Amino acid sequence: MATLYIAFDSVLKFQGDAIVNAANTGCLGGGGIDRMVNDLGDDEIWKARQALPALDSHGYKRCETGDANITIAGNLPCSKVIHAVGPRFGYMNHEENLLKLEETYKSAMERAQENGLTSVGFCIISAGIFRGNCPLDTVIKTALESIAKYAYAGLQTVVFCGYTPEERHVITHLAEGIRAACTA
């Protein structure tokens, strides 16, 4: 049975088997955490991301929304990076996007399981510019429920990282609600 830890820090400091990166469909790098993955991972991770097979004739798309790819981590303190593409809220209705977000976490867990990983650190997927007008607490609840739902035999540790002050606040509020429900 896996143990879930909450960390109020950057997933980029995670020293386990793999981190999950919030990527875009190009899987080469974008803004936010994805840019930092490339910057800190250096040339090795950039080359590994470029080597991912293209899914379109333009050579841009390397991962569908809701799916994930895995590469080496380069200079990051973990061994692998799982590049997971969450939905862009606002392009579909919230219900469809939440199902796609769950699918994204499932895909990340499948890549971890396929590679025999025992420890995984997650950033919050679709919590930044992809979140649109979806409430952050809804995104985080979906993330945590999905991680629990798709945990697999052999997974020992999951670290869920809240980095921004807003993420930290929402996670703390959700934890307090769970604690109150457990003691009631």
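This is a predicted model: local features need pLDDT of at least 70, side-chain atom pairs count only at pLDDT 80 or more; totals for chains, interfaces and linings use all residues.

A: Residues are numbered from 1 along each chain as its sequence is written, and side-chain values use heavy atoms, leaving out hydrogens and water.

Let's start with arginine 111, whose side chain meets that of aspartate 67 at 3.0 Å, N to O. Arginine 111 sits in helix 2 (residues 94-114) and aspartate 67 in the loop between helix 1 and strand 3 (68-72), so this pair ties together parts 44 residues apart in sequence. (Helices, H or I, of at least four residues and strands, E, of at least two are DSSP runs, numbered from the N terminus.) Arginine 111 counts as buried at 13% relative accessibility, whereas aspartate 67 is partly exposed at 30%. Here buried means under 20% relative accessible area, exposed over 50%, and partly exposed in between, using a 1.4 Å probe and protein chains only.

Arginine 111 also bridges to glutamate 110, at 3.5 Å from N to O, and glutamate 110 is partly exposed at 29%. Shared partners join Asp67, Glu110, Arg111 and Glu114 into one network.

Also in helix 2, lysine 100 and glutamate 103 lie three residues apart, about one turn of the helix. Their closest N and O atoms are 3.7 Å apart. Lysine 100 is partly exposed at 23%, and so is glutamate 103 at 36%.

Terms used
A salt bridge is a side-chain nitrogen of Lys or Arg within 4 Å of a carboxyl oxygen of Asp or Glu.
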